[in-house]
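Visitor: I am new to this structure and would like a guided look. Could you take me through it step by step?
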Amino acid sequence: MSETVETTTDTETTTVDQDAPLRVENLEKRFGGIVAVDDTSFDVQRGTITGLIGPNGAGKSTTFNCITGALNPTGGEVYFQGEKVTGMRPEQIANRGMVRTFQIARALSEMTVLENLMLAPKAQSGETLWRSVMPGARSGVVEQEYEVRERVWETLEFFEIDHLAYEEAGNLSGGQQKLLEMSRAMMTEPEMLLLDEPMAGVNPTLEEKLLDRIHSLREDGYTFLLVEHDMDIIMENCERVLVMHQGKLLADGDPEDIRSNDQVIEAYLGEDI
Ligand SMILES: Nc1ncnc2c1ncn2[C@@H]1O[C@H](COP(=O)(O)OP(=O)(O)OP(=O)(O)O)[C@@H](O)[C@H]1O
């Protein structure tokens with residue numbers, strides 16, 4: 001049963017579903033004559049790993065970009081923790097606790113792994129989800145550099161890339177870069193992560209490690225929305241799957257429902273799902 005509370009912002013009063021940090025309402029994004037996202041609505045429940053799937057060109061990346069501020073939608077609204085974030089810049093949305101990673105990792109290749117992480121945290125004080133689950137966490141004081149450094153090391157250890165701390169990011173393998181990208185995202189102390197094909201180019205051992213970390217974070221209360229083309233990963237790791245097709249939400253259900261949904265099978269033109 002969802003818990004709801006009323007919140008008031010400068011612009012409006014809205015009912016917040018405490019169990020759904022992300023709510024997308026009638027989202028639309030047009031590029032000239034192309035409707036990449038067409039009147040799409042969904043929510044994502046707290047503490048879940050939710051998959052967003054669909055054939056090539058379905059509108060998944062555009063939806064991610066509209067949610068996280070890289071693109072301005074041409075219609076509809078995005079709410080995070082009950083606050084309207086439509087049209088905000090990515091860093092404003094990240095400051096509120098929602099970050100994304102990219103299909104192609106975006107680390108600064110000539111900087112070391114350590115430097116990449118040192119640059120990532122936002123300047124803020126107080127308790128956050130990441131700090132509260134990390135061993136040795138401190139709270140309530142403005143962060144000093146040594147505290148950031150401590151958090152950087154804890155994060156590197158959590159993702160098991162601490163042995164690469166002094167390596168230039170550009171020298172890392174594709175899979176290691178994905179772990180770095182997740183580490184950088186965690187340094188911004190998010191509540192919710194949107195992962196765009198986090199397993200692409202990742203070898204099976206690292207894939208297992210990354211999935212293990214995602215599940216562990218989910219158990220600590222983090223929320224994940226995952227775009228991934230590998231159906232086995234989606235079906236084995238997500239409790240809920242959203243399917244997009246031609247810019248619209250085609251289906252929303254648990255993996256078993258989705259696998260047996262005729263419209264979804266048709267949208268994938270008989271590919272195995
Ligand atoms: N910047 C852009 N300008 C014009 N059209 C765009 C732009 N970005 C996306 N599109 C179009 O919008 C539609 C949806 O693209 P999008 O990249 O969101 O799909 P996707 O589901 O992420 O696809 P894929 O699985 O192939 O990455 C496509 O028809 C695409 O060509």
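This is a predicted model: local features need pLDDT of at least 70, side-chain atom pairs count only at pLDDT 80 or more; totals for chains, interfaces and linings use all residues.

Visitor: In what order do the six strands of the open sheet lie?

Guide: The order is 8-9-10-5-11-12, with mixed pairing. Strands (E, at least two residues) and helices (H or I, at least four) are DSSP runs numbered from the N terminus, and two strands pair if DSSP finds at least two bridges between them.

Visitor: Which are the edge strands there?
Guide: They are strand 8 (98-101) and strand 12 (248-253), each of which pairs on one side only. Neighbouring strands of this sheet are turned by 20° against each other on average, direction ignored. Axes here are lines fitted to C-alpha atoms, for helices over the stretch in contact, and angles run from 0 to 180 degrees between N-to-C directions.

Visitor: How many bridges join strand 11 and strand 12?
Guide: Strand 11 (residues 240-245) and strand 12 are paired in the antiparallel sense over five bridges. Met244 stands opposite Leu249 in strand 12.

Visitor: And the sheet of four strands, what is its order?
Guide: That open sheet runs 4-3-6-7 with antiparallel pairing. Its edge strands, strand 4 and strand 7 (83-84), each pair on one side only.

Visitor: Which strands of this sheet does helix 1 touch?
Guide: Helix 1 packs on the sheet and touches strand 3, strand 4 and strand 6, its direction making about 115° with that of strand 3. Contact means that the C-beta atoms of two residues, placed from the backbone, lie within 7 Å. Helix 1 (residues 60-67) also lies across strand 5 (49-53), strand 8, strand 9 (192-196), strand 10 (223-227) and strand 11, at about 150° to strand 9.

Visitor: How do strand 3 and strand 4 pair?
Guide: They pair in the antiparallel sense over seven bridges, and Leu22 stands opposite Val44 in strand 4. The two strands form a hairpin with two residues between them, and Gly32 in the turn has a positive phi of about 55°.

Visitor: Now the ligand. Which residues surround it?
Guide: The shell consists of Phe31, Ile34, Ala36, Gly54, Asn56, Gly57, Ala58, Gly59, Lys60, Ser61 and Thr62. A residue is counted as near if its C-beta atom, placed from the backbone, lies within 6 Å.

Visitor: Which element gives the largest share?
Guide: Helix 1 does, with three residues.

Visitor: Back to phi. Where is Asn26 found, and is it buried or partly exposed?
Guide: Asn26 is found in strand 3, and its phi is near 50°, a positive value in a residue other than glycine. Asn26 is partly exposed, with 13 other C-beta atoms within 10 Å. A residue is buried if 20 or more other C-beta atoms lie within 10 Å of its own, exposed if 12 or fewer, and partly exposed in between, with C-beta atoms placed from the backbone.

Visitor: What about Glu197, buried or exposed?
Guide: Glu197 is buried, with 20 other C-beta atoms within 10 Å. Glu197 lies in the loop between strand 9 and helix 7 and has a positive phi of about 45° although it is not a glycine.

Definitions and conventions:
Residues are numbered from 1 along each chain as its sequence is written.
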